Amino acid sequence: MSGKNHINESILSETILEDQKENRIDHMKYLPGMEQIKSDVMDQVVDAMNRYDYTKYTAADVRRALAAEDRTPEDFAALLSPAALPYLEEMAQAAKIETRKHFGNSVCMFTPLYIANYCENYCIYCGFNCHNKIHRAQLNTEEIEEEMAAIAKSGLQEILILTGESRNRSTVQYIGEACKIARKYFRVIGIEVYPMNSDEYAYLHECGADYVTVFQETYNSDKYETLHLAGHKRIFPYRINAQERALMGGMRGVGFAALLGLDDFRKDAFATGMHAYLLQRKYPRAEIAFSCPRLRPIINNDRINPMDVHERQLLQVVCAYRLFMPFSSITVSTRECPRVRDNLVNIAVTKISAGSKTGVGSHSDEIADGDKGDEQFIISDDRDVEEVYHALQNLGLQPVMSDYIYV
Amino acid sequence: MNQMKDTWKLGGHEFTSRFILGSGKYSLELIRACVENAGAQIVTMALRRANEGGLANILDYIPKNVTMLPNTSGARNAEEAIRIAHLSREISGSDFIKIEIMRDTKYLLPDNQETIRAVDALAKEGFVVMPYMYPDLNCARDMRDAGAACIMPLGAPIGTNKGLATKEFIKILIREIDLPIIVDAGIGRPSQACEAMEMGAAAVMANTAIATAGNIQVMAEAFKKAIEAGRLAYRSGLGRVREDRADASSPLTGFLRDDEGEA
Amino acid sequence: MNIRLNGKPCELEAPMTVAGLVEANGYRPELIAVEVNLAIIPKNAYSTTELSEGDVVEIVSFMGGG
């Protein structure tokens, strides 16, 4: 089965099929204003991914990888291969040991805050994409403060600020103001916004942001091109180098993710791990985080697609990340249900969101309905902070609101 | 696999032997046989004020095809090491230099900070710089960035024959630094040299262990074989050592569901 | 003429070149390096380098070392 023609059909529509036929700009060419850094990390990641043939790994390779004291990229490759699926229980046991070794029983809690949902990109799988006729909104500074105050009341000390990817509507200045407000209410501030230049990351760091998450979605540039039809996000190399620019700008940590299921998830997960691995080697001070979003397989599909990411495959990827980079932070999306999330924190996940809302202006009752924006995706875990807190305690885990002293 | 050529490189020069032999503390007559039994392609030596008159010189006893690796022993700071490197190059005619900087006469521990400075200056001049160091990851990174050709962490204080006392830290260097890691100093037995190679060291340097052995030539051969064995073990991938820990009885994967009906 | 050779005072019949000093003391040029007042003298300049009063000369060679 070749990954080349794989597509999760749930993301396709008549319109998208038509739009895919239109002429599109060169996705490998930087647009004016995009900083080009000297770095061979992208080439190394893509090269490693292209050479990754997961069919060649055997049970012996998986056993060797499981037994290894320190796991190499080759071990990681084996753990992501189909040959590792029969060893999923062993992987989970080993991952749990690594997690507890590095994190004890603490699990960080945070919540995402969408401050705007304007988007200039045409990502065919995303609810926010610029062709979707959804209700757009952008919070002003007062509204941001109201939302943050409402969240802070729940006891959370870490926040992840999100915008849709619109440089024009959600400017760097605007995001900076949001960070400055967040600083009043929270100890740890992450941003998940459009990729920007290193001096802009430096500015946001000054405003209070600590870490930057950018989802690469897929590391296969050919597939990437067919999914991101327009907008800045279409420029593949600019996105892939975002974490490095963030580190150059002084950010403490960077987050990585492929949207598993967009393309061949084994290759994408391998590339995600290699991307983090190579940047950690190049910037040893960098804190590394993984997120593990997936597109769910289509139900009632009579063909069994080996590219589908079922729960087993998701667990395999999460465990492989943990075993490869035992010190990294791993987050699980609210796209997953409480059963899956609670079990993953018991094995390898070290950061979990609570009280998540993917709409704009959803946290505070003070914000008028007309000022609110539609949701990016439907969440499967709508538990509030207290519920997640108690769920963690019931698992024998220690919920942690902030792991840092702000520096 | 045994037939596959297994070479390694230092500053563009290729070697097959992974045993770097120190030449100190021997009677000169024994050195040639020792180098031959060790199969060594690199031999270290030190620079000192010359004896007057036609006294025996170590270079008369070192086979011609062996790469001379002068060290900077006696240097107490980067400047002295650089001066010794320049003088050594005049005699050896090659760019190989092993940096050794100590300002402690009791334990002879290397000064990593001064060593970083010396690596920087000498690498810029085109030397193949091989720094002897205390196995500290941050310093090793600085040496790598300054242009070192390899990293030579100590296994134990020099001359003590105490083996891989710094094992965990050398493992970190092997994992994190993309340069040959050569375990230098402290290796007292062939089994310790073998273990260093099993861990993934590119080579082992030994001197005192051989020079003070009962039968010097035979010990040189013992080290050669131990280093080769360790290298083969590393290349073949060590087998699983079963841990005493019993397998957990409650499975962690019991929660998985095949149907994706749940939202 | 007085110089210091390898740390010791040394009286020479002036004038003398580095080549002369090396030969007079029985050193084999291929085994040594010569430094005059901290500057290395290349082997091909031994015969043209004149020593002067007060020069500090170091003549070094290899010995066993680890």
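1. Let's start with the open sheet in chain B. Three strands make it up, in the order E6-E7-E8, and the pairing is parallel. Strands here are DSSP E runs of at least two residues, helices are H or I runs of at least four, and both are numbered from the N terminus; two strands pair if DSSP finds at least two bridges between them. Strand E6 (96–99) and strand E8 (152–153) of chain B sit at the edges with a single partner strand each, so one side of each has no neighbour in the sheet. Strand E7 (residues 128–133) of chain B is joined to E8(B) by 2 bridges in the parallel sense. If you want a pair to look at, B:Tyr132 has B:Met152 as its bridge partner in E8(B).

2. A word on the model before going on. It is predicted: local features need pLDDT of at least 70, side-chain atom pairs count only at pLDDT 80 or more, and totals for chains, interfaces and linings use all residues. Residues are numbered from 1 along each chain as its sequence is written, while chains are lettered from A and ligands numbered from 1 in the order in which they are written.

3. Chain B as a whole: the secondary structure comes to 8 helices and 10 strands. Its C-alpha atoms fill a box of roughly 90 × 40 × 40 Å along the principal axes. Of the 263 residues in chain B, 44% are buried; buried is 20 or more other C-beta atoms within 10 Å of a residue's own, exposed is 12 or fewer, and partly exposed lies in between, with C-beta atoms placed from the backbone. Taking contacts in chain B with a separation of 6 or more, 63% are between residues 24 or more positions apart. Contact means that the C-beta atoms, placed from the backbone, lie within 7 Å.

4. Now the B–C contact. It brings 18 residues of chain C against 27 residues of chain B. On the chain C side, strand E3 (32–36) and strand E5 (56–64) are the elements giving two or more residues, and E5(C) has the largest share, 7 residues. That side of chain C divides into 9 nonpolar, 7 polar and 2 charged residues. For the classes, Ala, Val, Leu, Ile, Met, Phe, Trp, Tyr, Cys and Pro count as nonpolar, Asp, Glu, Lys and Arg as charged, and the others, Gly among them, as polar.

5. Which strand of chain B is joined to E5(C) by 5 bridges? That is strand E4 (residues 42–49) of chain B, and the two run antiparallel. Within this pairing, B:Ala46 stands opposite C:Met63, and B:Leu47 has C:Phe62 as its bridge partner.

6. E5(C) has partners inside chain C too. With E3(C) it pairs in the antiparallel sense over 5 bridges, and C:Ala33 stands opposite C:Val60 in E5(C). With strand E1 (residues 2–5) of chain C it pairs in the parallel sense over 2 bridges; there C:Leu5 has C:Val57 as its bridge partner. E5(C) is mostly covered, with 7 of its 9 residues buried.

7. The other contact I'd check is between chains A and B. It takes 24 residues from chain A and 17 residues from chain B. The chain B side divides into 6 nonpolar, 3 polar and 8 charged residues.

8. Chain A has 15 helices and 9 strands, and its C-alpha atoms fill a box of roughly 60 × 55 × 45 Å along the principal axes. A compact globule of 407 residues would have a radius of gyration near 22 Å, and the 20 Å of chain A agrees with that; the value is taken over C-alpha atoms, and the globule rule is 2.2 Å times the number of residues to the power 0.38. Of those 407 residues, 52% count as buried. Residues 24 or more positions apart make 77% of the chain A contacts with a separation of 6 or more.

9. Last, helix H6 (residues 141–153) of chain A. After H6(A) comes A:Gly155, with a positive phi near 100°.

Notes. Two residues are in contact if their C-beta atoms, placed from the backbone, lie within 7 Å.
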